[in-house]
Amino acid sequence: MCILVILLYKNMSDLSTRELILKVAKDEFLAKGFRDASLRNISSEVGVAVSNIYNHFKNKDDLFRELVRPLLELWDSYMESHFSSEEAELFADTDYEKYKQLMQKSLIFLVKEYPQELKLLLLYSSGSSLEYFMEEYIDKMCMRSFKWFQDFKEKYPDANIDISPFMIRFQSSLLPSLLKNILIDNSLTEADLMKIFDEYVLFTMAGWKSLMAIR
């Protein structure tokens with residue numbers, strides 16, 4: 001019984017220390033970026049030895065990745081949803097209000113719920129294993145897009161899918177660029193974001209529908 005109590009206490013203690021390390025590390029990374037952030041500073045703020053950080057995280061990069069892990073998981077789920085047959089049907093519908101609202105809602109949630117994680121990933125990841133996340137994201141979007149076009153053509157034979165790889169890559173780069181500029185501008189209100197995302201969705205939808213000859 002005593003051993004069980006000791007183990008339970010240790011787990012609770014480890015968890016609280018881990019959470020404190022993450023909290024302090026987030027502030028350190030946001031203030032200095034990944035490259036200049038210091039585990040020594042983090043350990044000092046937490047009040048533990050640097051070696052204690054290594055009990056919870058392999059290294060500084062592992063710590064950084066854990067901070068943005070929820071965002072990365074959400075990002076992957078958004079990508080899966082974006083290329084789903086359900087969203088393809090909404091996109092092809094002449095009344096695309098539902099598709100617009102779905103896209104707008106997803107983007108607003110992303111920015112409101114994970115603003116600091118987005119900053120870490122898009123603005124402060126230089127030197128980490130996630131430094132080229134956006135380039136890798138664009139590559140994935142391009143590969144997924146080619147497959148999506150083929151599937152779309154099977155269901156909607158009249159659609160034009162003869163789109164240049166350059167244009168597909170350019171379109172795939174718009175969202176990362178949009179998010180970066182939003183994160184840099186601290187003056188934007190929620191109303192501003194709603195208008196920006198509304199314009200972005202309408203702009204991209206109109207462009208794709210025109211290229212694909214969808215009426």
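**Exercise 1.** In this predicted model, find the residue with which Glu66 forms a salt bridge, and state where the two residues lie.

*Solution.* Step 1: the partner of Glu66 is Arg69, with 3.1 Å between the closest N and O atoms. A salt bridge requires a distance within 4 Å, and the pair meets that cut-off. Step 2: both residues belong to helix H4 (residues 60-82), where they sit 3 residues apart, about one turn of the helix. An α-helix has 3.6 residues a turn, so residues three or four places apart point the same way. Step 3: buried means under 20% relative accessible area, so Glu66, at 19%, counts as buried. Arg69 has 35% and is partly exposed. Step 4: the pair also belongs to a network of salt bridges that links Arg18, Glu66, Arg69 and Glu73. The whole structure holds 11 salt bridges.

**Exercise 2.** Locate the two ends of the salt bridge between Arg169 and Asp139.

*Solution.* Step 1: the closest N and O atoms of this pair are 2.8 Å apart. Step 2: Arg169 is in helix H9 (residues 165-172) and Asp139 in helix H8 (residues 133-155), so the bridge ties together parts 30 residues apart in sequence. Step 3: Arg169 has a relative accessibility of 36% and is partly exposed; Asp139, at 34%, is partly exposed as well.

**Exercise 3.** Describe the length of H11 and the sides of this helix.

*Solution.* Step 1: H11 has 22 residues and spans 31 Å from its first C-alpha to its last, close to the 32 Å expected. Step 2: the buried residues are Leu193, Phe197, Tyr200, Val201, Thr204, Met205, Trp208 and Lys209. They cover an arc of only 145° around the axis and therefore lie on the same side of H11. Step 3: the face turned away from that side carries the exposed residues Ala191, Lys195, Phe203 and Ser210. Step 4: the cover over the buried residues includes helix H5 (85-92), H6, H8, H9 and helix H10 (174-184). Step 5: just after H11, Ala213 adopts a positive phi of about 55°.

Notes
Residues numbered from 1 in each chain as written. Predicted model: local features only at pLDDT ≥ 70, side-chain atom pairs only at ≥ 80, totals over all residues. Heavy atoms only, no water. Salt bridge = Lys/Arg side-chain N within 4 Å of Asp/Glu carboxyl O. Helix = DSSP H or I, 4+ residues; strand = E, 2+ residues; numbered from the N terminus. Buried < 20%, exposed > 50% of the residue type's maximum accessible area, 1.4 Å probe, protein only. Expected span 1.5 Å × (residues − 1). Arc of directions from axis to C-beta. Contact = heavy atoms within 4.5 Å.
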